Amino acid sequence: MSSPAAANITSVLKETRTFPPPADFAAKAHIKSQAEYEAMWQRAHDDPEGFWAEQAASLSWFKKWDKVHEWNEPFAKWFLGGKINVCYNCVDRHAEGARRNKPAILWEGEPGDTRVLTYADLHREVRKFANVLKDQGLKPGDRVTIYMPLIPEAAVAMLACARIGVTHSVIFGGFSDTAVADRNNDAQARMVITADGGWRRGKVVPLKHNVDAALDKSPTVEKCIVFNRCNQPVAMKAGRDLWWHELMATASEQCPAAELDSEHPLYILYTSGSTGKPKGVLHTTAGYLLGVSCTHRWVFDLREEDVFWCTADIGWVTGHSYSVYGPLCNGATTVMYEGAPDTPQKDRFWAIVEKYKVNTFYTAPTAIRAFLKWGNEWPQKRDLSSLRLLGTVGEPINPEAWMWYHEVIGGGRCPIVDTWWQTETGMILIAPLPGAIATKPGSATRPLPGVVADIVDKQGRSLPANQGGLLVIRKPWPAMLRTIFGDDERFKQQYWLQVPHVYFTADGSRRDDDGYFWIMGRVDDVLNVAGHRLSTMEVESALVHHPKVAEAAVVGKPDEIKGEGIACFVTLRAGNTPTEELKKELIQHVAKEIGALARPDEIRFTEALPKTRSGKIMRRLLRDIASGRQTTGDTTTLEDYSILAKLREEEE
Ligand code: WTA
C-alpha cells in the first residue's frame, strides 16, 4: 500500500477560510445549529439502535421489524424480521396521497425533448413494467442488468425490479461490451434491459450494438428488453430481444408491491478495486433505503417544494442514491438530464437550472473545474437565483474550485455541502449539515449522525489532530454494503482485515483542530478519474491483452480538469517498434476494452519497468515520473537504477 501524497496535506493546510451557515438558511433548516447537530450525533452514538429505529418510522412497513441490528463482524443485518418494499416507499405511498400529481421526475433529453412524470405517472409505469418482468419469468432474487441512457425508463426499470424483488445491476452506458459481459457473468444476470442508444454530444451511443457483442459472451442472459430512444436501426434477435413499447402496450397495471424481507438484495453495483476484477457491491433493502432517505433530507435540507438536481449518471452510486432512491423515497422532485454539459453550448446545465428553477444542485468537482475553465460568461447569461444549496461529490474539491462554485454559481448565498462517501457506503457519511455546520473550502467537515469516523494508523490506533492517516468507520451503519456479490472472502479481505475491526475506506485523510475531515484521496491502486473509480490493474490487464504489449504499469498523474489522468508505462513484446501510431492504437484498445472513461492520457514506451528485488513494480517512482516530480523517495530496493534514468530521458 502506498502512502497518501504528502503534497495534498500541505496544500489543504493553508486553507483557513470558514463560511458559517447563513442565518436565514439556518432558521428554516431541519437541523438549525451546531449544538443541535452535536446532540443528534451524540444520541446516535450512545444508542444507535434507538436512533435508527426512530428514523425508520419515516418509512412505510408491511410488517415492523423484530430486531433493529445484528452484527456478526463483518456481516451486518438491519431491521431483522421487517417486511418492506423500496418501490412502494418511493412511488405508491406518494401516488396514493397528496403528492399524486407532484412531478416525481423532470426529465430533459439532450436534443431538447422533455418529459414530466408525476408520482401517479411513475406509479402506472412501474406497475406495468414490473408485470412485464414477471411475464418474462423473473422471480425474486434473479439478477437483471440495466444498461441504459439517463432516461426516465432507467428509473422505471430499477423501481420495477425493486417492486418484485429482482436484484438490479446498473452498468454505466460508457462501458464497453467486454465490461458489460464481465458484469453479466459475475452476476449471472438473466436479462439485460437496454435502449437502441442514447444521446451524447449530438451523437448516438450505440447501446444495443454493444449489448449484442456482450451477449455473445454472456451465457446466462436469456432475454433482452430494448427501449426505443433514438429510432436507431438495431438488430433484434428472435426469441431473445423484445421491444419495451410492445410489451408495455399489453401489460396490466395491477401489480402489488412484494412484501420483501428487510435484507432482501436490492442491487449490485460494480466498482473498481485494487485488483483487476470489478467488485459487485451488494446493497440490501431496508437499511439502504433508510440511509439514503435520511441523508437526502438532512444534507440537502429537503423542503416539500424543492426541485432537486443531482447530475450523476444512473450508472454510478450517486445516481442510485441521490437521483432515484433518496429523493423519491422522500417524495421530492428529481431532475434528470440525458446528455453532455456542453451541448449544444457550454451553458446547458445553467439553462436547465433556469428553466426548472432548480433549488439544489449536486455535481462533481471535475465538472466544476470544467465550468471554471469555460469561463463565467456561461453561468452569467442565466438566471440562477432559484438555487439555495450546492453540493459536490466524487473526489476532493480544491479550494479554488470551491470558491468559484460558491461565488459564481451560488452567488455567495448558497451553502456548499461537500459530501464524502463511496459505492460501498451507500449513503453520504461525512458532510456538513448546511444549516448547522460552518464550511471550509476543501473539507467534507464532520460525520453525519450515526457515523463514527476516525483517522488511524495501520494498526487501527487513532491519530491526533492534523496527522494524516487512514480513514476508517468504526461502527456499522444501515446503508453499508453487505458483501461483495459471491465473494465474502474478498469482502473481508478488502474492508475488514486491513485495519483490525473497523471498516477500511482506502482513503487517506486528516482531521483538523475543529474535528473537520480533509480527505486526501485513495491510498490503494485505484485511480479517481473525473470522479469515476478505475483500478490501475484493470487498465493494465487491458493493455497486456494487446498482442504487442509485454508488460504495463498504470499510474495516476495530476490533471487540471479530471483530477487524475491515466499514465501508462508499456514494454513491448520482442520485434515490435514503439511508434506514435502504436500509442494511438493502444489508447483506442483500452477505450474499447473498458470504455471511453478509461482512455489513457499518455502512453510511454520503456524497455523495462522499475521493480523491486521481489519483482513488484515501483509505482511510486512511476507516479513521480508521470507527474514530472523529482524522485525523492527511497530507491534502494530498485532492481535496476538505469531504468529510472532512461524513463526520465524519454521525458526530456
Ligand atoms: C472519493 C462516489 C473527497 C474517495 C460517491 C472515495 C471523495 C471514492 C469525496 C468513492 C469527497 C468521494 N471528497 N473524496 N467529497 N467523495 N470521494 O465509489 O476517494 O465512485 O473513496 O463513490 O471517491 O468513489 P465512488
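Mentor: Let us begin with the distance between domains, whose bounds come from an automatic or database domain assignment. The centres of domain 1 and domain 2, taken over C-alpha atoms, are 28 Å apart. This is a predicted model, in which local features need pLDDT of at least 70 and side-chain atom pairs count only at pLDDT 80 or more, while totals for chains, interfaces and linings use all residues. Residues are numbered from 1 along each chain as its sequence is written, and side-chain values use heavy atoms, leaving out hydrogens and water.

Trainee: Which residues make up domain 1 and domain 2?

Mentor: Domain 1 comprises 23-85 + 264-303 + 359-519, and domain 2 comprises 86-258.

Trainee: What area is buried between domain 1 and domain 2?

Mentor: The size of an interface is often given as the accessible area lost when the parts come together. Buried area is that loss (1.4 Å probe), summed over both parts. Here it is about 1800 Å², with 55% from carbon and sulfur atoms. Asn85, Leu266 and Tyr270 supply 36% of the area that domain 1 buries against domain 2, more than any other three residues.

Trainee: How many salt bridges does the rule find across the interface of domain 1 and domain 2?

Mentor: A salt bridge needs a side-chain nitrogen of Lys or Arg within 4 Å of a carboxyl oxygen of Asp or Glu. The rule finds 1 across this interface.

Trainee: How many residues of each domain are in contact there?

Mentor: With contact meaning heavy atoms within 4.5 Å, 18 residues of domain 1 meet 22 residues of domain 2.

Conventions: Buried area is the accessible area (1.4 Å probe) that two parts lose on being put together, summed over both.
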